[in-house]
Amino acid sequence: MEPDVCQLVELLGVLWYPEETSAVIGGPDRGMSCRNVLLTGCSSGIGLALAVRLAKDELKRFRVIATMRNLDKREALEKQAGPALDKTLEIRQMDVTSEESIRRCVEGIPQRRVDVLVNNAGLGMIGPVESQSVAAMKNLFDTNFFGLVRLVREVFPDMKRRRRGHIVVMSSVLGLQGLIFNDIYSASKFAAEGFCESLALQALKFGVNISLIEPGPVVTEFERKLYEEAACMDLSAVDQETLDIFQGFYMAYSKEVFTVLGQSPDEVAEHTAKVILAEKPPFRYQTNSLYTPMTTLKHADPTGNLPLNAFHQMIFQHDRLFKASLSLLKMLQWRKRRDVSYNKSP
Ligand code: NAD
């Protein structure tokens with residue numbers, strides 16, 4: 001059997017650093033050997049874009065194990081991976097709510113070597129809290145929070161033993177700052193952030209890095225599924241005033257926010273690739289600089305009143321100003337995209 005490109009690069013690493021024959025599996029790579037990247041939720045969105053971005057890395061620095069819950073949905077990834085498929089990218093099944101499925105997948109990786117874990121699989125949820133069932137909330141936490149915990153329990157001990165590794169977690173700006181009608185989703189991302197902040201202290205001692213990626217809105221299936229669910233939500237237990245805010249304000253502006261401020265999955269994948277490649281990866285990384293002022297408010301006032309009042313005023317008192325700001329941003333984004341396309345033309 002012919003060695004694949006990754007094996008050849010690893011072999012080169014051994015020739016280059018003959019004193020470190022361990023460079024093939026588990027030893028220091030000095031950027032020479034391929035890193036095994038285990039990625040979750042790769043049938044769509046950010047996971048798919050990142051899997052493709054890493055698998056097509058020009059310097060062939062990664063061997064991507066792209067996982068998805070349902071392998072019947074592999075077609076989009078196979079198509080975009082193109083010639084990288086079964087060379088620098090392989091597709092495997094993994095449901096992050098099942099310990100058995102996670103174990104089976106990790107056991108299938110040679111030496112169980114996961115150099116980089118990207119915890120990306122996630123679910124969204126919007127709406128007044130009284131319209132959502134506790135079962136649905138538990139299901140969301142089972143994926144967004146306990147899915148992360150299960151994966152970490154599976155790969156972190158090996159990383160500690162090898163004294164290297166990188167755990168990258170797809171969080172959100174809503175893991176830093178709550179947003180109206182995103183109560184449960186935001187809570188799940190806060191949980192992930194708290195978990196990682198605690199774990200990072202131990203990880204540092206073992207030479208393992210942890211990074212939280214915090215995107216703002218990203219235009220993916222995520223958004224479509226949210227609106228689909230909102231359209232058939234049972235709102236019978238919700239009072240009229242709350243309904244008016246949810247349907248009249250939140251739903252109307254949320255779509256506008258995604259259109260104006262939303263990033264593409266490719267943009268988020270590019271930012272995440274930078275974090276993975278960084279010599280000293282940051283613990284937190286926001287992909288959309290337009291959201292930095294929102295999260296900075298929180299740190300400016302330890303009582304927490306500053307962001308709360310700012311959001312309250314923006315939603316309930318200055319909604320016209322908010323609308324005008326969105327229109328201005330829309331125009332600026334349009335001009336930016338237009339300039340980019342002009343620059344691209346020959
Ligand atoms: P997406 O819906 O396209 O991707 C989520 C993926 O997770 C899907 O492929 C889905 O099948 C998978 N998934 C769900 N439950 C799973 C399970 N039990 N096991 C394995 N896979 C499962 O949406 P996306 O925007 O690409 O979301 C990716 C991550 O980014 C999520 O964690 C999400 O919370 C986060 N995020 C998204 C946005 C956004 O606006 N889209 C913003 C910030 C953060």
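Student: How do you know that E1 and strand E2 pair?

Tutor: In this predicted model, E1 and strand E2 (residues 62-68) are joined in the parallel sense over five bridges. Pairing requires at least two bridges between two strands, and therefore the five bridges between E1 and E2 qualify them as a pair. One of the positions involved is Arg35, whose bridge partner in E2 is Phe62.

Student: What makes strand E1 largely enclosed by the rest of the structure?

Tutor: A residue counts as buried if 20 or more other C-beta atoms lie within 10 Å of its own. Five of the five residues of strand E1 (residues 35-39) are buried, so the strand is largely enclosed by the rest of the structure. Both faces of E1 are covered, with Arg35, Val37 and Leu39 buried on one side and Asn36 and Leu38 buried on the other. In a regular strand the side chains alternate between the two faces of the sheet.

Student: Why are strand E3 and strand E7 called edge strands?

Tutor: The open sheet has seven strands in the order E3-E2-E1-E4-E5-E6-E7, and their pairing is parallel. Strand E3 (89-93) and strand E7 (284-286) each pair on one side only, and they are the edge strands. From one strand to the next, the twist averages 20°.

Student: How do you know that strand E5 and strand E6 pair?

Tutor: Strand E5 (residues 165-170) and strand E6 (residues 208-214) run parallel and are joined by six bridges. Since at least two bridges are needed, the six found here therefore make E5 and E6 a pair. Within this pairing, Val169 stands opposite Leu212 in E6.

Student: Is Ser172 buried or exposed, and how do you know?

Tutor: Ser172 has 29 C-beta neighbours inside 10 Å, and because the threshold is 20 or more, Ser172 counts as buried. This residue is found in the loop between E5 and helix H7 (183-205). Leaving aside residues up to four places away in sequence, Ser172 touches Lys189, Glu214 and Pro215. The UniProt annotation "binding site", from an unreviewed entry, covers Ser172.

Student: What makes up the shell around the ligand?

Tutor: The ligand is surrounded by 26 residues, of which the closest are Gly41, Gly45, Ala121, Gly122 and Phe222. The residues of this shell divide into 10 nonpolar, 12 polar and four charged. Helix H2 (45-55) and helix H8 (221-231) each supply at least two residues of the shell.

How values were computed. Residues numbered from 1 in each chain as written. Predicted model: local features only at pLDDT ≥ 70, side-chain atom pairs only at ≥ 80, totals over all residues. Helix = DSSP H or I, 4+ residues; strand = E, 2+ residues; numbered from the N terminus. Axes fitted to C-alpha atoms, helices over the stretch in contact; angles between N-to-C directions. UniProt positions renumbered as here; feature names shortened; annotations may be inferred. Buried ≥ 20, exposed ≤ 12 C-beta atoms within 10 Å, placed from the backbone. Contact = placed C-beta atoms within 7 Å. Near = placed C-beta within 6 Å. Nonpolar A, V, L, I, M, F, W, Y, C, P; charged D, E, K, R; others polar.
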